[in-house]
Amino acid sequence: MLDSLTGKTIAPGTGPDDGPIDERAATRIAGSDLLMAVGKGLFLVFLGYAIVDSLPLELLNPNWQLRFVARILSLGSIPLVGFACVHLAAILNPANVRMRQRLLSMRQWAMAAAIGFLLLIPLQGFATWKAYTEAKTSQRTLIQQANRRVAPLKRVIESATSTADLQQKLSQLEGGRLKLAPEDFSRPLADVKKAIFDNLARSQNLYADRIATSTAPTQIWGALQSAARTIVASIGFFIGFAAGAQFGSSPLTLQERISGWSQSPFGQRRRRPRRP
C-alpha cells in the first residue's frame, strides 16, 4: 500500500497515520490545492466582471467597443495571476494527474487569451476611428440643421423695408418671440439689420464650438493616449499568456514558437550545419 502524500510503501496492517508524515510533502500538496482554488476563483471573478459589465451587448457601437477594450485591459491581470497560480499548483504537486490535465487545458485556453489581447489593438484603433468619424458626421448634421432653422429668419430680415415692417415679419415667425428693442425703431434699418446678423453669426459660432468639443484637440490627444496605453498593455498581457500557452499536444509554448520564427526571415528555424 502506498502513502498518498509520500508515495512510500506502508507496511501491511498499519495505517498511514501510524508512521511519520513527510511534512514537506503535505505542505506542498496543501499549497498546490490552495493555489488551484485561488486560480479558479480568479477566473470566475474575471468572467463575472467582464460579462456582467459588458451587458447589454452593443457589438457595433464604437463607444461600447472602447469601453469593452478598457474593461478587459483593466481586468487582464486577474486571469494572468490565475494562470500563474495553476502553473504553481501543478509544479508543487506534479504527481496529481488531474492538476496536470487542468494545466494542459489552461495552456490551450491561454493561446486564445494571448491572441485575444493582441486583437484588442486593432479593435481599439477601429473603434476610435469610427467614433471620430461618427462625431464629425453628427457635428455637420447639427450645424446644417441649425443653418436651416436660421435661414427663414435671415430671409425675413433681408426682405424688410422698414423697422416696423421688420418687427411685423419677426412677430409672424414661428413662436413670435423675436422682438426689436424700443431703441431700434429710432435707428436706421441698415444698422438694425447688421446688428441682428452679427448676433446670429455670433450665436452660430458659439453653437458650432459647443458641439465640436468631441473632436477638440484635447479629446484627440486623449484618444491617442488611450490607444498608446492599449498597445502597451495588450502586448504585455500577450507576452504573459504566450509564455505558457500551448497549442494542442505541442510541447512548445507560443513564446517559444515566436522565438523560433523570429530566427529566420522565412518563419522557419535555421538548421544547424551538420558536423563532418
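Trainee: Which residues do ring pairs link into a cluster?

Mentor: In this predicted model, the structure holds 5 aromatic pairs. Ring pairs join four phenylalanines into a cluster, namely F83, F117, F237 and F241.

Trainee: Are the planes of F117 and F241 stacked or edge-to-face?

Mentor: A pair of aromatic rings is described by the distance of the centres and the angle of the planes. For F117 and F241 the centres are 5.7 Å apart and the planes meet at 15°. Planes under 30 degrees apart count as stacked, so the pair of F117 and F241 is stacked.

Trainee: How many residues apart are F117 and F241?

Mentor: F117 belongs to helix α4 (residues 97-159), and F241 belongs to helix α7 (residues 217-242).

Trainee: Are F117 and F241 buried or exposed?

Mentor: Buried means under 20% relative accessible area. F117 falls in that class, and F241 does too. The word for both is buried.

Trainee: Which helix holds W64 and F68?

Mentor: W64 and F68 also form an aromatic pair, stacked, at 5.3 Å centre to centre with 15° between the planes. The two residues are 4 apart, about one turn of the helix. Both lie in helix α2 (residues 62-75), so the answer is α2.

Trainee: Why does W64 count as buried, and how does F68 count?

Mentor: The cut-off for buried is under 20% relative accessible area. W64 is at 7%, so W64 counts as buried. F68 is at 23%, so F68 counts as partly exposed.

Trainee: Which residues make the nonpolar surface patch of about 750 Å²?

Mentor: One of its residues, L47, lies in helix α1 (residues 23-52). L47 counts as partly exposed because its relative accessibility is 43%. The patch is made by L47, I51, V52, L55, L57, L59 and L60.

Trainee: How many helices and strands does the protein have?

Mentor: From the N terminus on, the elements run α-α-α-α-α-α-α-α. The count is 8 helices and 0 strands.

Trainee: What share of contacts between residues at least 6 apart in sequence join residues at least 24 apart?

Mentor: Among contacts in the protein between residues at least 6 apart, the share joining residues at least 24 apart is 63%.

Technical notes: Residues numbered from 1 in each chain as written. Predicted model: local features only at pLDDT ≥ 70, side-chain atom pairs only at ≥ 80, totals over all residues. Heavy atoms only, no water. Contact = heavy atoms within 4.5 Å. Patch = residues over 30% accessible without salt bridge, like charges linked within 9 Å, V, L, I, M, F, W, Y side chains within 5 Å. Areas by Shrake-Rupley, 256 points an atom, 1.4 Å probe, with all protein chains shown as cover. Salt bridge = Lys/Arg side-chain N within 4 Å of Asp/Glu carboxyl O. Buried < 20%, exposed > 50% of the residue type's maximum accessible area, 1.4 Å probe, protein only. Phe/Tyr/Trp six-rings, centres within 6.5 Å; stacked < 30°, edge-to-face > 60°.
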